[in-house]
Amino acid sequence: MQRPPTIQDVAREAGVAVGTVSNVLNGHPYVSEETRAKVTAAVKRLGYRRNSLAGGLRSRSTMTLGLLLPTLVNPFYPALARGVEDVARENGYTVVLCNTDRDHRREQGIVQTLLEKRVDGIIAVSPGTAPQHLLPANAAPPLVVVEGGSVEAPPCDMVTLQAQSGIDEAARHLRSLGHRRIGMIRGPAGVARADERADLWRAAAARHGPELA
């Protein structure tokens, strides 16, 4: 099996130093157009591809993000993943998608694997759970927990939903339309967010007047 070309092969093919090839590949401005053209041509002829892992170790950045989703069955989460990937790609990042199945131990194992892969950041969509269990105290990558449980002084950035205000607004709106008997389709019992929203809706119905059917 033929080995892949190295940066040394490119340097020999272009007749320049290895450092010059590195400068061209990294977009260094102080390289002549003639030299840049020779190196670029050599890269194409040899089919050279940069070793992103080695480059990441040098720069301390792998341009990779981990995205933890609780399930891929609920269509909300693939749509969210698409949005994350679109923004990440625009900024030069690759996203590693991981399914946790709402299992805390599996979630922790995935996070540990991502840390070993030296990802630059982790976005964990972890409904109804506190973020403390996700990252070791000495972990370096920034963590963002989306829709995490209510935690005072969370150890990371969090994006949460204002469920109570939204449910209150919905109850008031339905009453203003003259509706008095309202049906509620809720999520599975035992799922923290589903239980919380059902309780909030019952409380909102009691305050604003619609009767739950």
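These are my notebook entries on a predicted model, taken in the order in which I looked things up.

**Confidence**

I began with the confidence scores of this predicted model, and found that the protein chain averages a pLDDT of 78, with 77% of the residues scoring at least 70. Confidence in the chain is lowest in helix α4 (residues 52-59), where the mean is 54, and highest in strand β2 (residues 94-99), where the mean is 92.

**Strands β1 and β3**

I then turned to strand β1 (residues 64-69), and noted that β1 and β3 run parallel to each other as a pair, joined over 4 bridges. Looking for the partner of G66, I found that it bridges to I122 in β3. For strand β3 (residues 121-125) I checked the burial, and because 4 of its 5 residues are buried, I wrote it down as largely enclosed by the rest of the structure.

**Helix α5**

Next I looked at helix α5 (residues 76-90), whose 15 residues reach 22 Å from the first C-alpha to the last, close to the 21 Å expected at 1.5 Å a residue. I listed its buried residues as Y77, L80, A81, V84 and A88. Seen down the axis of α5, these buried residues fall within an arc of 100°, so I recorded them as lining one face of the helix. The buried residues of α5 pack against β1, β2 and β3, whereas on the other side of the helix I found A79, R82, R89 and E90 exposed. Just after α5 comes G92, for which I noted a positive phi of about 85°.

**An aromatic pair**

I searched for aromatic pairs and found that the structure holds 1. F76 and Y77 form this pair in an edge-to-face arrangement, with 5.1 Å from centre to centre and 80° between the planes.

**Helix α7**

The buried residues of α7 are A163, I167, D168 and A171. They cover an arc of only 125° around the axis, which puts them on the same side of α7. On the face of α7 turned away from this buried side, I found the exposed residues E169 and S176. Finally, I noted that α7 is followed by G178, which has a positive phi, near 90°.

Note on methods. Residues are numbered from 1 along each chain as its sequence is written. This is a predicted model: local features need pLDDT of at least 70, side-chain atom pairs count only at pLDDT 80 or more; totals for chains, interfaces and linings use all residues. Side-chain values use heavy atoms; hydrogens and water are left out. Buried means under 20% relative accessible area, exposed over 50%, partly exposed in between (1.4 Å probe, protein chains only). Helices (H or I, at least four residues) and strands (E, at least two) are DSSP runs, numbered from the N terminus. Two strands pair if DSSP finds at least two bridges between them. pLDDT is the predictor's confidence in each residue, from 0 to 100. The arc is that of the directions from the helix axis to the C-beta atoms. Rings of Phe, Tyr and Trp (its six-membered ring) pair if their centres lie within 6.5 Å; planes under 30 degrees apart count as stacked, over 60 as edge-to-face and the rest as tilted. The expected span of a helix is 1.5 Å times one less than its number of residues. Contact means heavy atoms within 4.5 Å.
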